[in-house]
Amino acid sequence: MAASSDNDADVIVVGAGPGGSTTAYHLARHGIRVLVLEKSQFPREKVCGDGLTPRAVKQLIKMGVTADGSFEEQGWLRNKGLRVIGGGVRLELDWPDLASFPNYGLVRTRFDFDDLLAKQAVKAGADLRTGVTVTGPVLDDTGRAIGVVADTEGGEPREFRAPLIISADGVSGRFPLALGLAKREDRPIGVAVRRYYHSPAKHDDDYLESWLELRSKEGGDRLLPGYGWIFGMGDGRVNVGLGVLNSSSAFGKTNYRRMLTEWLGATPDDWGMNDEANADGPILGAALPMGFNRVPHYTRGVLLVGDSGGMVNPFNGEGIAYAMESGELAAEVVAQALGRTGLDRERALAAYPAELKARYGGYYRLGNIFVKMIGNPHIMRIATKHGMPHPTLMRFVLKLLANLTDPRGGDAMDRVINAMTRVVPAV
């Protein structure tokens with residue numbers, strides 16, 4: 001096995017998804033030597049809803065993906081907000097006007113979204129190696145990670161060395177698993193499936209569409225478990241999918257792919273989603289690790305970012321924004337820590353899980369409670385029936401579910417939501 005006598009980098013980032021590339025970008029901007037190891041080649045397919053809320057857009061702007069906000073000219077589809085369908089009501093809710101976040105979202109296929117972010121990291125100075133599959137950590141005598149072991153295309157396994165490692169290897173979390181960090185079974189997790197369809201009627205929709213009730217055309221308009229989405233891609237296609245949470249009795253007992261086609265069979269003919277001829281590619285699925293379902297987020301020289309640390313929002317299944325935000329935070333903490341040694345460095349690194357807990361701990365605790373509640377079909381029906389007809393209440397719900405508030409100087413809704421997340425014990 002080949003090994004370097006000196007460190008290959010100051011920091012190794014495992015995975016070049018949104019979390020890994022964002023971390024690498026901000027590290028490189030600090031002048032830190034960062035090596036990013038990605039098992040795939042770009043561009044590459046990734047199972048996702050492809051919808052970006054204003055939280056994620058803010059991170060894109062920070063990374064300089066667009067200098068002047070002209071996303072549309074670069075192939076992005078801008079959206080105004082969320083259209084919610086349920087309880088016989090169709091409600092369009094605009095993204096809130098806030099000082100802290102832009103008032104628009106975006107859609108872009110993950111096929112090239114991740115590639116764009118990786119290129120930004122490289123432009124900032126990161127060293128990206130694709131086709132390199134990290135198989136585990138290199139540990140010193142104390143059990144601290146001082147590097148990684150990786151398989152490279154067409155070569156023998158080799159070691160890469162760095163004093164700090166960022167685990168951004170997504171849902172699989174193989175790297176933290178190799179360190180003995182298993183998923184928490186008491187935290188929520190979801191399963192989602194999605195497929196692309198050609199749909200001239202829906203492809204350029206300027207609202208993300210969320211379905212709180214899914215009905216099958218078969219079995220007398222039978223109600224299906226889970227929730228669904230239809231996101232226009234702006235290129236003639238839509239991204240259509242559904243998700244089921246582990247608080248539902250249907251979790252793990254349902255053919256999700258069949259359920260998707262059952263639901264789409266009940267959609268209007270002119271949408272094109274009930275015709276197999278309009279399908280573009282297979283139905284693909286992925287897990288959604290929510291509410292900090294893998295901890296600790298720092299241990300023995302390794303920081304967990306994004307899905308690797310179970311950071312998907314339990315309220316709405318959003319993962320990209322939190323992967324990017326945690327990546328930026330990890331980079332800031334690491335930049336401070338690298339200038340220190342010994343126990344002083346460890347004190348600096350301990351700020352990472354502490355700040356994650358301060359930012360999201362109370363909010364995710366509320367989300368975990370929310371997941372348990374909506375897993376009960378009776379509660380979900382009551383909430384949909386009595387909540388949907390009230391636009392003001394639903395605007396509050398949108399702010400809560402999308403985690404879009406101003407921390408200071410916000411309106412009454414912001415103050416209520418912020419107070420709720422402060423008083424609830426953090427996860």
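Phe 292 counts as buried because its relative accessibility is 3% (buried means under 20% relative accessible area, exposed over 50%, partly exposed in between, with a 1.4 Å probe and protein chains only). The model is predicted, so local features need pLDDT of at least 70 and side-chain atom pairs pLDDT 80 or more, while totals for chains, interfaces and linings use all residues. Residues are numbered from 1 along each chain as its sequence is written, and side-chain values use heavy atoms, leaving out hydrogens and water.

**Exercise 1. Work out where Phe 292 lies and what its phi is.**

Step 1: Find the loop. Phe 292 lies between strand 19 and strand 20 (strands are DSSP runs of E with at least two residues, helices runs of H or I with at least four, both numbered from the N terminus).

Step 2: Check the backbone. Phe 292 isn't a glycine, yet its phi is positive, about 60 degrees. Most residues other than glycine have a negative phi.

Step 3: Look at Arg 300, in the loop between strand 20 and strand 21 (302-304). Its phi is also positive, near 50 degrees. Arg 300 counts as partly exposed because its relative accessibility is 30%.

**Exercise 2. Which residues of helix 7 are buried, and what covers them?**

Step 1: List them. In helix 7 (residues 342-349), the buried residues are Arg 345, Ala 348 and Leu 349.

Step 2: See how they're arranged. They sit on the same side of helix 7, because they cover an arc of only 100 degrees around the axis (the arc is that of the directions from the helix axis to the C-beta atoms).

Step 3: Turned away from the buried side are the exposed residues Leu 343 and Arg 347.

Step 4: Find the cover. It includes strand 12 (164-167), strand 20, strand 21, helix 6 (320-337) and helix 8 (351-374).

**Exercise 3. Describe how helix 6 packs against helix 7 and helix 8.**

Step 1: Take helix 7. Its axis is 8 Å from that of helix 6, at an angle of about 165 degrees (axes are lines fitted to C-alpha atoms, for helices over the stretch in contact, and angles run from 0 to 180 degrees between N-to-C directions). Helix 6 and helix 7 are therefore roughly antiparallel (under 35 degrees is roughly parallel, over 145 roughly antiparallel, 65 to 115 roughly perpendicular, the rest oblique).

Step 2: Name the partners. Val 333, Val 334 and Ala 337 of helix 6 touch Arg 345, Ala 348 and Leu 349 of helix 7.

Step 3: Repeat for helix 8. The axes of helix 6 and helix 8 come within 9 Å, crossing at roughly 150 degrees. So helix 6 and helix 8 are roughly antiparallel too. Val 333 of helix 6 turns up again here, among the residues that meet helix 8.

Note on methods: Contact means heavy atoms within 4.5 Å.
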